[in-house]
Structures are given as structure tokens and as C-alpha cells.
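Hi everyone, thanks for coming.

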Amino acid sequence: MSAINLLILDDKEENIISLSALLSDIGNINIISSTDPNEALKICWMKDISIALVDVQMPEINGFEFVSLLKSNSRTSHIMAIMVTAISKEDKYLIRGLESGAVDYLYKPLNPEITIAKVTSFIKQIHIQEEIIQKNIELEQSKKALIQANKDAEQARRSKEIFLANMSHEIRTPINGIMGIVHMLKSANLNPEQIDWINRLDNASNSLLLIINDILDISKIDSGMMKIEFEDFDLKAMILEFDKIFKFKATNKNLEFEVILDEALPQYVKFDTLRLQQIISNFISNSLKFTEKGKISLIVTNVENIGDQHTIRFVVKDTGIGIKPEAVEKIFQAFEQGDYGITKKFGGTGLGLAIVKRLSELLGGNVSAKSTYGQGSEFSFVTTIQKVEKSTHEKEKVRLQYTQLPKLDKLNVLVAEDNELNSFMLSHMLQTWSCNVKVVRNGILALEEFESNTYDLILMDTHMPIMSGFEAIKEIRNNHDLGKRNIPIITISASVLEHEQQAAFEVGADDVIGKPFNPVDLYNKITKNCSSKNENNITF
Ligand code: ADP
């Protein structure tokens with residue numbers, strides 16, 4: 001602790017000497033004195049005085065006036081002034097002293113104990129005040145550091161989002177090409193061996209897409225951008241669909257697969273079907289991955305219902321390798337796997353269950369895992385789901401290959417896409433539907449083509465060199481020719497980020513399709529936006 005400067009102002013030298021002697025026992029103070037109030041004022045200005053003991057009766061400037069002068073100046077107003085007086089202890093003097101800004105009184109003849117006790121207590125107060133000031137400075141500094149850290153984190157989050165958007169675009173564009181060609185090959189006349197190759201290629205590109213989707217999902221959830229969308233659907237049919245898909249996969253691994261459905265389950269419900277499927281298929285896919293022999297069961301139970309609110313438990317049980325007890329807690333954290341030997345043997349990113357946990361929270365549910373190492377595991381998802389009556393809007397779904405769809409009456413389509421594989425694939429699909437297709441590689445060429453010929457539809461990639469799809473759309477929507485500028489435009493974007501898709505609508509796109517897309521979805525979007533042509537709505 002630093003020493004405190006204490007000033008004694010008294011017109012009588014002997015008083016100063018006796019007071020100084022009295023205070024000399026108090027440690028950590030420098031005593032400075034003066035018999036002249038004017039000189040004392042200068043000292044207060046020049047030196048860092050914390051306490052002033054001020055005699056009241058002085059010629060020229062009395063103690064009250066001196067303290068008032070101290071208090072009226074911002075450089076000296078912080079000084080604690082204690083009046084030292086021989087005059088009466090009457091209230092009017094006391095009040096005058098306090099009004100002038102003094103904090104206390106000492107009465108002559110001075111009582112040594114009281115004097116020392118008072119001065120010591122004010123020194124303590126000053127030290128406390130100093131500490132408070134220091135703490136405030138530190139607080140202010142850490143507040144600034146915190147604000148900066150927040151800014152940095154926000155900047156990092158934005159950079160991550162931009163990076164993910166770009167990465168997703170860069171990876172999705174070639175996957176889109178690969179998957180499109182796979183679709184095309186599937187409709188070609190192939191021998192059984194070639195069909196097997198194509199199926200393997202299809203599986204590999206689907207896995208690649210799943211990984212990129214997982215990375216995007218976790219970052220969307222983390223940045224609060226994951227949207228939950230409730231819709232009416234047939235719950236029992238959805239569960240039986242799992243039976244079909246996974247029984248086939250399980251049989252390929254010589255595993256049994258069973259689905260046990262509780263009779264009390266509601267048939268039709270309102271929930272986020274996509275996310276529910278994601279959670280259950282994640283559990284089942286893991287079980288398939290980590291089970292070499294035995295059985296996988298999907299058990300769906302109606303735990304209870306209050307009115308139309310059903311508490312439903314989805315359990316996936318397997319007879320697989322199991323998980324060590326110490327790992328069970330960790331596996332719902334991002335990038336965590338049971339143990340690192342597992343990654344080497346089975347692969348995986350460790351994101352699946354982290355996504356499942358976060359999705360379950362978004363859906364107001366709960367996930368948990370039980371396992372006996374070496375014997376098997378059990379994963380559950382429990383949530384409340386609303387029962388509904390059969391949806392009347394539900395259209396009967398027709399399952400067709402894109403090659404089986406009705407022709408599109410020589411629709412003239414301008415395709416602006418810089419990626420050769422994608423434009424090749426788009427042209428092929430459009431030609432299969434009897435469209436006339438012209439392909440250009442950037443926004444400028446798209447504008448030139450749009451000006452000089454007549455088109456019924458533009459399929460516009462958003463990211464292109466020289467002029468982006470967004471800029472080209474803006475130009476088209478500003479065209480002087482009313483007939484031309486209202487041409488239907490569907491943007492094709494590899495970005496799954498909602499704001500980027502939103503941006504496409506804002507510049508004037510009629511619809512957006514993500515990459516990779518299902519050819520039937522593209523067909524449906526074309527027919528929807530070129531309404532005069534075809535009203536079919538087909539599900540692939
Ligand atoms: P990954 O993509 O690595 O499988 P997950 O998040 O889906 O990521 O799973 C994390 C870890 O949990 C896995 O690596 C594995 O160790 C363990 N795990 C998940 N499901 C099972 C299961 N059914 N049987 C054994 N271990 C499992």
C-alpha cells in the first residue's frame with residue numbers, strides 16, 4: 001500500500017509540532033505542514049494530499065473558508081478535511097464545518113487516542129477507496145476485453161459461416177454432378193454388373209453428401225439457424241418405411257431387423273418429420289455399423305397421452321460391440337467417439353449423436369443411451385407429439401423415375417451454369433423432358449442470350465464468374481420489356497444457408513433449388529413456375 005500524504009494547517013507552529021508528534025505513531029503517512037492557508041492551498045494543488053487537518057481559527061482565511069476553497073476545486077475536492085477547533089462544540093459550528101465540506105471534527109485540547117483513531121479510520125477509508133478505484137479500472141478493462149472478445153467471436157462465427165457456405169458450395173457442386181450422372185445412368189440400359197457399380201457409386205456419393213450435411217447441420221444448430229418445421233404426417237407409415245429400408249440393409253449384413261409398434265400410437269401426427277427421421281435413422285445406422293451379429297430392434301411405444309399430446313419413446317436396441325461405461329457420457333458431444341480405435345476401424349466423424357442430441361432439445365425431447373460393453377446398446381429418444389386427424393391436403397404420391405415424367409412441350413430453357421458437369425447433366429434432364437436447351441457459362445452471357453432470343457424459363461446458378469446469377473437476375477428484372485422481364489427464373493444454389501436462398505428471392509428469383517437436387521424436384525419446380533405448361537406434381 002502506498003504512503004498517504006497528510007497536511008496539517010495551523011497558524012501556530014507549536015500546534016503543528018504537537019499534532020505531528022501525535023500522528024507520528026501512525027505508519028505509512030507523510031506529514032506535510034503549513035501555518036499559511038495560501039501556501040497550504042498551493043501544497044494541496046501540487047502534492048497528492050489525501051487528508052487535511054485544518055485549524056478553524058486563523059487570520060485572513062479561516063478553516064471553514066479554506067475547506068470551501070478545497071471543495072470548490074476539482075483538483076482538491078477529493079481531500080478529506082478534518083476541522084481542528086478550540087471553539088465551542090455547539091451544533092452551529094459543527095454544521096458550518098460539515099456544510100463547508102469537512103468530514104469530521106477534532107476538539108482542542110486533542111485527545112491522543114481519539115485523534116489517532118479518527119485519522120487511522122480515514123486512512124483506512126482512503127485505502128478502501130483506492131482499492132475500489134483500482135478495481136473499477138480493472139473492471140472497465142475486463143469489460144472492454146470482454147466486448148472485444150465478443151466482437152472477435154462474432155467475427156469468427158461469421159467467417160466460419162462464410163467458410164461453410166463456400167465449402168458447401170464447392171463440395172456440393174461436384175457431388176451434384178456425380179449424383180445427376182448416377183441418376184442418368186440408372187435410367188440407361190445397363191447389365192447387372194454395371195448396375196452394381198452404379199449402386200456403389202450412388203452409395204458413396206450419398207455418404208459424402210451425408211458428411212457435408214452433418215457438418216452444416218451442427219454449425220446451423222450452433223448458430224441458432226436450424227429451423228424446426230412441423231407438418232402433418234402418417235407416423236405409423238413412417239416407422240414402417242424404416243422397416244423396409246433398414247431390413248434390406250440388415251439382411252445384407254446377415255442381421256435380423258425388427259420393428260415393434262405400440263397399438264396405442266397415433267396414426268397421424270404433427271411434428272418435424274425430417275428431424276424425427278434424422279434422429280431415428282442415425283440410431284439405426286449406428287447400430288448397423290457397430291453390430292456384427294444378432295439383431296437390431298426399433299421399438300416405438302406410446303408412454304402416455306394427455307388429450308391429443310402423446311409422449312412417445314423411440315428405442316433402437318442392438319446386440320453390437322457396446323460402449324465402455326466411461327464413454328457413454330461423451331458420445332453425445334461433438335467430435336467424440338467411443339474410443340479412438342473405433343474411428344480407425346469403423347470410420348465416422350463423431351457428429352451424428354451430437355446433432356441428434358441438439359435436435360432432440362430443439363424438438364423438446366430427450367435422448368439417452370444405455371450400453372453393456374461387448375453385449376449391445378440401447379438408444380432412446382422420448383418426446384411429446386401432437387395427434388392430428390388425417391390431413392385432407394395430403395396428395396397421393398406417385399413414384400416415378402425422371403425419365404418417366406410427362407414431356408414439357410418444347411419449353412425453351414436458358415441454363416446459366418459455369419460447372420460443365422452440372423450443365424451437361426441439366427441439359428440431359430431437360431432434353432429428356434423435351435425442352436430446348438441453351439447453356440451459357442456466366443451472367444453476362446446469360447443477359448446477352450436473354451436479350452437476343454425468347455425463352456420460357458431460366459435456370460440460373462448463383463455463383464458464376466464475371467457476373468453472378470444474382471446480378472444477372474437484377475438486370476433481367478429491370479428490363480424495359482415487360483413481357484421479357486417477368487420470365488420465370490429458378491436459381492440453382494449449392495448453398496444451404498437460408499439467407500443466401502432468401503437473397504435469391506429478394507433479387508427476384510421465382511424459386512430456388514439446392515444442389516444436389518432430385519430431378520423430380522426440379523421438374524416439379526419447373527411445372528409450378530411455368531404454370532401454363534404442366535400441372536403435374538410428382539414425387540420421386
Ligand atoms: P460416428 O459418425 O463416429 O459414428 P456418432 O456421433 O454417431 O459418430 O457416434 C459417436 C460414437 O458413439 C461412435 O463413434 C461409437 O463409438 C459410439 N456409438 C454410437 N452408436 C453406437 C452403437 N449402436 N454401438 C456401439 N457404439 C456406438
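Let's begin at Asp 55, which sits in strand β3, residues 49-55. Strands here are DSSP runs of E with at least two residues, helices are runs of H or I with at least four, and both are numbered from the N terminus. Before I go on: this is a predicted model, where local features need pLDDT of at least 70 and side-chain atom pairs count only at pLDDT 80 or more, while totals for chains, interfaces and linings use all residues. Residues are numbered from 1 along each chain as its sequence is written, and side-chain values use heavy atoms, with hydrogens and water left out.

So, is Asp 55 buried or exposed? Buried, with a relative accessible area of 3%; buried means under 20%, exposed over 50%, and partly exposed in between, using a 1.4 Å probe and protein chains only. Leaving aside residues up to four places away in sequence, Asp 55 touches Leu 9, Asp 10, Asp 11, Gly 63, Val 84 and Lys 108, where contact means heavy atoms within 4.5 Å.

Now, the UniProt record, an unreviewed entry, puts "modified residue: 4-aspartylphosphate" at Asp 55 and also at Asp 461. Its positions are given in the numbering used here, feature names are shortened, and annotations may be inferred rather than shown by experiment. The two span 407 residues in sequence and their C-alpha atoms are 88.3 Å apart, so they don't gather at one spot.

Over to Asp 461, then. It's in strand β15, residues 457-461, and it's buried too, at 0% relative accessible area.

What order do the strands take in the open sheet? There are five, running β14-β13-β15-β16-β17, with parallel pairing; two strands pair if DSSP finds at least two bridges between them. β14 (436-440) and β17 (511-514) are at the edges with a single partner strand each, so one side of each has no neighbour in the sheet. From one strand to the next, the twist averages 20°. Helix α12 packs on this sheet, touching β13 (412-416), β14, β15 and β16, and its direction makes about 170° with that of β14. Those angles run from 0 to 180 degrees between N-to-C directions, with axes fitted to C-alpha atoms, for helices over the stretch in contact. Helix α17, residues 519-529, lies across β15, β16 and β17, at about 175° to β17.

Last stop, α12 itself: among its buried residues are Met 425, Leu 426, Met 429 and Leu 430.
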